[in-house]
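Visitor: I am new to this structure. Could you show it to me and take my questions one at a time?

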Amino acid sequence: PAIDDPTTDPLEVAREAAATIAERTGVTQHDVALVLGSGWGAAAELLGETVAEIPSHEIPGFSRPAVAGHVATTRSVRLAGTDRHALVLGSRTHLYEGLGVRRVVHGVRTAAAAGARCVVLTNGCGGLHPDWAPGTPVLIRDHLNLTATSPLEGATFVDLTDLYAQRLRDVAREVDPSLPEGVYAQFRGPHYETPAEVTMAGRLGADLVGMSTTIEAIAARHVGLEVLGISLVTNQAAGISPVPLSHAEVIEAGQAAAPRISRLLADITGR
Ligand SMILES: Nc1nc2[nH]c(I)nc2c(=O)[nH]1
C-alpha cells in the first residue's frame, strides 16, 4: 500500500485518510483528536454523541487490527453541548508490531489533516512510584524516547520544548487538581522491562514506562498539533513492587478506574 512505499509522502496519505473520514462521517472539521490506549476505551461514550463510526482499516493508511476479530473503529463524536467534533482514533499501531514507524504515527497525521488543533494521547503503562497504585491517571510532563526511532524522515529538525503543552496540562489540572505529573519513557517492547531496566529508567528521570506515545507526540508536534498526554498506571513497573502483581489485579484495577478516567477525559476534552 502507498503508505509503505518509501517514495510516497506519508502526509499525502494522511490527507487522503482525512478526505475519506470527511466523506464517510459527513463531518468536514474535527477540532480535537483522541488516541485511546489500553484502559481508556470507555471514554468515547462519555465525550458526546457518536455521529459516525468507520472500521479503521477502511481508511487509507490504517492497519488491520493486530488482534484477530477485534475490529478497530474510528469515530466522529460531537462533543456534548457544543458543535465541535472529536476524532476518536480507536486503532493504535505499536512500534513492536514491526509495521514501520509511518503506521505508528499515521493516526495523528490524519487528525491534523482532518482539522484537529490538538491531540490527547492516552496509554496504559507501568509506574515507578509505589504510591501510584494501578488505576492512577498521570499527566505526561515530558518524555524519554528510548526506542532510537524517529517518525520524521530527512533533515526534519523539530523543536520539542513544551511538547506536552503546559496550557493543556493546566486545563487538566483545573478539572482534577489532584492529577500527578511524570516523565514517560517509551521502550520498544513487546517484552516488559527487567527490574534493572526499570532502575535505569528511574535514574534517567522516568516516572512511567510504556511502549507507545513518544513517537506519536513527536509526529504530532511536526504537524502543528498541541499535545496532551495522559497515562493510566496499569501496573507497577517490574521490580517496584516486592511481590509480582497478578495479572488479574492489573486488569481489575484498570476496569475499576474506567469510570473516573473516562469522566476526566470527557471533562478535559470539553474545555
Ligand atoms: N514498557 C511497559 N509497557 C507497559 N504497558 C503496560 I499496560 N504496562 C507496562 C509496563 O510495565 N512497561
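Visitor: How many salt bridges are there?
Guide: Keep in mind that this is a predicted model. A pair counts when a side-chain nitrogen of Lys or Arg is within 4 Å of a carboxyl oxygen of Asp or Glu. By this rule the count is 16.

Visitor: Which residue forms a salt bridge with Glu216?
Guide: The closest N and O atoms of the pair are 2.9 Å apart. That is a value for Glu216 and its partner, Arg92.

Visitor: How many residues apart are Glu216 and Arg92?
Guide: Glu216 sits in helix H6, residues 214-222. Arg92 is in the loop between strand S4 and helix H3. The pair links distant parts of the chain, and the separation is 124 residues.

Visitor: Are Glu216 and Arg92 buried or exposed?
Guide: The cut-off for a buried residue is under 20% relative accessible area. Glu216 and Arg92 are both buried.

Visitor: Where are the partners Arg271 and Glu174 in the chain?
Guide: Their side chains meet in a salt bridge at 2.6 Å, N to O. The two are 97 residues apart. Glu174 is in helix H4, residues 166-175, and Arg271 is in the segment after H7.

Visitor: Are Arg271 and Glu174 buried or exposed?
Guide: To count as exposed, a residue needs over 50% relative accessible area. Arg271 and Glu174 are both exposed.

Visitor: Which residues are linked with Asp9 in a network?
Guide: The network is made of salt bridges. Asp9 is linked there with Glu12 and Arg15.

Visitor: Why does the span of helix H7 agree with its number of residues?
Guide: H7 runs over residues 247-269, which makes 23 residues. At 1.5 Å a residue, H7 should span 33 Å. The two agree because the end C-alpha atoms are apart by 31 Å.

Visitor: Where does H7 bend?
Guide: The bend is about 45°. A proline, Pro259, follows within four residues of the bend. The bend is at Ala258.

Visitor: Which residues of H7 are buried?
Guide: Ala258 is one of them. Others include Val250, Ala253, Gly254, Ala257, Ile261, Leu264 and Leu265.

Visitor: Why does Gly229 count as buried?
Guide: Gly229 is in strand S9, residues 226-236. Leaving out residues up to four places away in sequence, Gly229 touches Leu121, Val138, Leu139, Ile140 and Tyr164. Gly229 counts as buried because its relative accessibility is 0%.

Visitor: What is the relative accessible area of His85?
Guide: His85 is in strand S4. Beyond its neighbours within four places, its contacts include Val27, His30, Val51 and Arg78. His85 is buried, so its relative accessible area is under 20%: the value is 14%.

Visitor: Which residues are around the ligand?
Guide: Gly124, Cys125 and Gly126 are among them.

Visitor: How far is the side chain of Asn235 from a nitrogen atom of the ligand?
Guide: A polar backbone atom of Gly210 is 3.4 Å from a ligand nitrogen. For an N or O atom in the side chain of Glu193, the distance to a ligand nitrogen is 2.6 Å. For a polar side-chain atom of Asn235, the distance is 2.6 Å.

Notes. Residues numbered from 1 in each chain as written. Predicted model: local features only at pLDDT ≥ 70, side-chain atom pairs only at ≥ 80, totals over all residues. Heavy atoms only, no water. Expected span 1.5 Å × (residues − 1). Bend = angle between axes of the 7 residues up to and from the residue. Buried < 20%, exposed > 50% of the residue type's maximum accessible area, 1.4 Å probe, protein only. Contact = heavy atoms within 4.5 Å. Near = heavy atom within 4 Å. Polar contact = N/O pair within 3.5 Å; in protein donor to acceptor, adjacent residues only side chain to side chain.
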